[in-house]
Every structure is written in C-alpha cells, then in structure tokens.
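Hi,

Here is the structure I promised to pass on.

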Amino acid sequence: NDWQSALAPLYLKLYHKNEELFKNARTVFTIHNMAYQGLFNKGAMQLIDIPENLFIPSELEFYSKLSFMKAGILYSDAITTVSEGYRNEVLTPEFGCGLDGLLKTRDKNFYGIINGVDYAVWNPAIDKFIAKTYTPENMQGKIECKKDLLKEFDMKCNAQRPLIGMITRLAEQKGIDLVGNALKDMIKLGADFVLLGFGDEKYNNLFKGLAKKYKGHVGVKIAFDNALSHKIEAGCDMFLIPSRYEPCGLNQMYSLKYATVPIVRAV
C-alpha cells in the first residue's frame with residue numbers, strides 16, 4: 001500500500017527470491033494517490049541497502065530523486081488502485097504525476113478495484129453516533145439528525161433551507177478554495193453549509209472567517225471528529241466534494257448510504 005511499503009517487491013526480488021519461504025510469493029502494489037510518491041535523495045540508497053546501479057531512469061531514478069513508488073510499480077507482480085476511473089485517469093499526463101508512461105508499460109497487470117465501505121459502521125439503520133436511525137423505508141429519522149447536527153454548530157434548523165456538508169482535508173487538491181469563493185452565492189441561493197476538516201493554515205483561517213461572516217448559515221469545525229463525521233453524513237441533505245483530483249474518496253459512498261446527495265467533480 002502506497003510508497004511507504006513500495007520497496008517490499010524490490011527487496012523480495014533482490015534478496016529473497018530463492019528462499020524456500022518466498023519462492024511462490026507474489027506481490028500486489030496498491031496506489032491510493034499518485035501525488036505522494038516517496039521521493040528521496042540518492043544518498044538514501046546506501047542506508048536502505050539498494051544497489052546504486054538501480055539509480056537510472058529505467059529503474060528507480062525519477063528526476064534526480066530516488067522514487068519508492070517506481071520500485072513498487074516496476075517490481076510488483078500486479079498493481080491496483082482504488083477505482084476503475086482513477087486507474088484510467090493516472091494513465092494520462094494530467095493525473096499521472098509523471099509516472100503515466102511507466103504505468104502504461106504495466107497496463108496488462110494494472111487494475112482498478114473500487115474502495116470498500118464497512119456498512120457495519122457506516123449505516124444509518126444502526127449508526128450509534130446519530131440522533132435517530134433511519135432506513136430507506138422510513139426516513140423520518142433523518143430530520144431529527146439534521147436538527148441535532150445544526151445544534152452542534154449553533155445553527156437553527158430551517159426545513160426550507162437545504163443543508164450542504166463537507167468533511168475534508170483543507171488543501172488545494174480538495175477544491176477547498178472553490179468553495180470559499182462560491183459560499184456567498186450558495187447562501188444567496190438558499191442553502192446552509194457545514195464543514196468539518198483541518199489542513200493548510202490559510203484555509204483553516206479562511207473558513208473560520210466565513211463562519212463568523214455568515215453566522216447562522218455557515219458552521220465550521222477545524223478538527224478531526226469521527227462522531228461528528230457520522231452526524232454530518234446523516235444530517236445533511238447534500239454532500240459537497242469539489243476535488244480537483246480524487247482517487248476514490250469514501251464520503252460519496254457514505255453519502256449514498258445515508259441518502260445525502262453527493263455533489264462531486266467528475267474525477
């Protein structure tokens with residue numbers, strides 16, 4: 001999984017391929033986000049026992065850096081990523097982060113397998129964190145969840161105003177600046193908005209400021225809060241995911257389960 005473990009297939013083939021324990025071993029390397037590749041200076045090779053003759057463009061060198069992700073891609077028997085859509089996207093220059101050409105050479109062993117959701121945890125019929133459970137056959141509990149959620153943000157519940165939620169890392173990748181720019185218009189159109197997340201300080205401060213400016217219509221909590229995440233999925237009418245790129249987030253799948261319409265960028 002990702003660059004942190006990407007050297008395992010390389011070590012297996014360099015040092016252990018003839019050992020009885022590993023003679024039938026096969027490796028699968030899973031990429032969750034192409035943007036995080038594990039790049040280090042060439043000097044690291046000696047520290048981690050990798051021959052320096054592998055520091056060439058056809059092997060582990062990537063623009064004068066040692067790339068852990070290249071090791072995973074080159075030496076694993078199969079490669080997966082978190083959706084069929086993302087698999088196809090990273091084969092293009094726009095989303096491949098410089099490794100699209102290399103991935104094309106492994107095309108026959110590269111698979112997209114959709115992320116999974118644990119419905120024993122994320123399920124409005126049994127969710128222990130929400131104010132009232134509900135099912136597709138009986139949705140009344142969702143109204144109570146909305147009231148409960150708005151109390152968390154010190155906002156009044158207005159049945160006529162749809163509530164849009166976000167749970168996100170506050171980073172440019174997530175399209176968070178687009179939301180900041182559009183928030184005034186969203187409120188004018190008659191929606192309220194709640195956000196749970198943390199990240200870049202400039203965005204932390206931006207949304208704290210917007211919560212003050214639009215008090216009563218915008219609620220913001222700069223934190224990680226698992227219980228509140230469940231309350232947002234259950235209590236919102238819509239869920240916003242404006243990511244510039246997104247391998248395959250889980251929140252759109254949670255939202256579908258909780259009858260909270262996901263509004264997403266087509267990535």
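Before the notes, one term: I call a residue buried when its relative accessible area is under 20%, exposed when over 50%, and partly exposed in between (1.4 Å probe, protein chains only). Please keep in mind that this is a predicted model, where local features need pLDDT of at least 70 and side-chain atom pairs count only at pLDDT 80 or more, while totals for chains, interfaces and linings use all residues. Residues are numbered from 1 along each chain as its sequence is written, and side-chain values use heavy atoms, with hydrogens and water left out. Helices (H or I, at least four residues) and strands (E, at least two) are DSSP runs, numbered from the N terminus.

**H6 and its partners**

Let me start with H6. Its buried residues are Gly141, Lys142, Cys145, Lys146, Leu149 and Leu150. They pack against S7, strand S8 (192–199) and H9, where contact means heavy atoms within 4.5 Å.

The pairing with H9 has its own geometry. Axes here are lines fitted to C-alpha atoms, for helices over the stretch in contact, and angles run from 0 to 180 degrees between N-to-C directions. On that basis, helix H6 (residues 140–152) and helix H9 (residues 226–235) have axes 8 Å apart and pack at an angle of about 130 degrees. That makes H6 oblique to H9; the classes are roughly parallel for angles under 35 degrees, roughly antiparallel over 145, roughly perpendicular from 65 to 115, and oblique for the rest. H6 and H9 cross in a left-handed way, meaning that the near helix is turned anticlockwise from the far one by less than a right angle (clockwise would be right-handed).

On the H6 side the contact is made by Lys142, Cys145, Lys146, Asp148, Leu149 and Glu152, and on the H9 side by Leu228, Lys231, Ile232, Glu233, Ala234 and Gly235. Sorted by class, the contact of H6 with H9 has five nonpolar, one polar and six charged residues. For that count, Ala, Val, Leu, Ile, Met, Phe, Trp, Tyr, Cys and Pro are nonpolar, Asp, Glu, Lys and Arg are charged, and the others, Gly among them, are polar. Just after H6, aspartate 154 takes a positive phi of about 55 degrees.

**H7 and H8**

How do the axes of H7 and H8 cross? Helix H7 (residues 176–188) and helix H8 (residues 201–213) have axes that come within 11 Å and cross at roughly 20 degrees. That makes H7 roughly parallel to H8. The crossing of H7 past H8 is left-handed. From H7, the residues Ile176, Asp177, Val179, Gly180 and Leu183 meet Tyr203, Leu206, Phe207 and Leu210 of H8. The residues of this contact divide into seven nonpolar, one polar and one charged.

In the loop between strand S7 (163–170) and H7 sits lysine 174. Lysine 174 counts as buried, at 13% relative accessibility. Leaving aside neighbours within four places in sequence, lysine 174 is in contact with Thr168, Arg169, Pro242, Ser243, Arg244 and Glu246.

**The cores**

A nonpolar core is a set of buried Ala, Val, Leu, Ile, Met, Phe, Trp, Tyr and Cys residues joined through side-chain atoms within 4.5 Å. The largest one has 38 residues, and those with the most contacts inside it are Leu10, Ile31, Met34, Leu60, Ile73 and Leu103. Strand S1 (28–31), helix H2 (44–47), helix H3 (68–75), helix H5 (100–105) and helix H10 (251–257) each supply at least two residues of this core. H3 gives the most to this core, with five residues. A second, separate core of 19 residues includes Val179, Leu183, Tyr203 and Val220.

H3 is also largely enclosed by the rest of the structure, because seven of its eight residues are buried. Those are Phe68, Met69, Lys70, Ala71, Gly72, Ile73 and Tyr75.

**Loops to look at**

Serine 64 has a positive phi of about 70 degrees although it is not a glycine. Serine 64 lies in the loop between strand S3 (61–62) and strand S4 (65–67), and counts as exposed at 56% relative accessibility. Alanine 259, in the loop between H10 and strand S11 (261–264), also has a positive phi, near 55 degrees. Alanine 259 counts as partly exposed, at 37% relative accessibility.

Cheers
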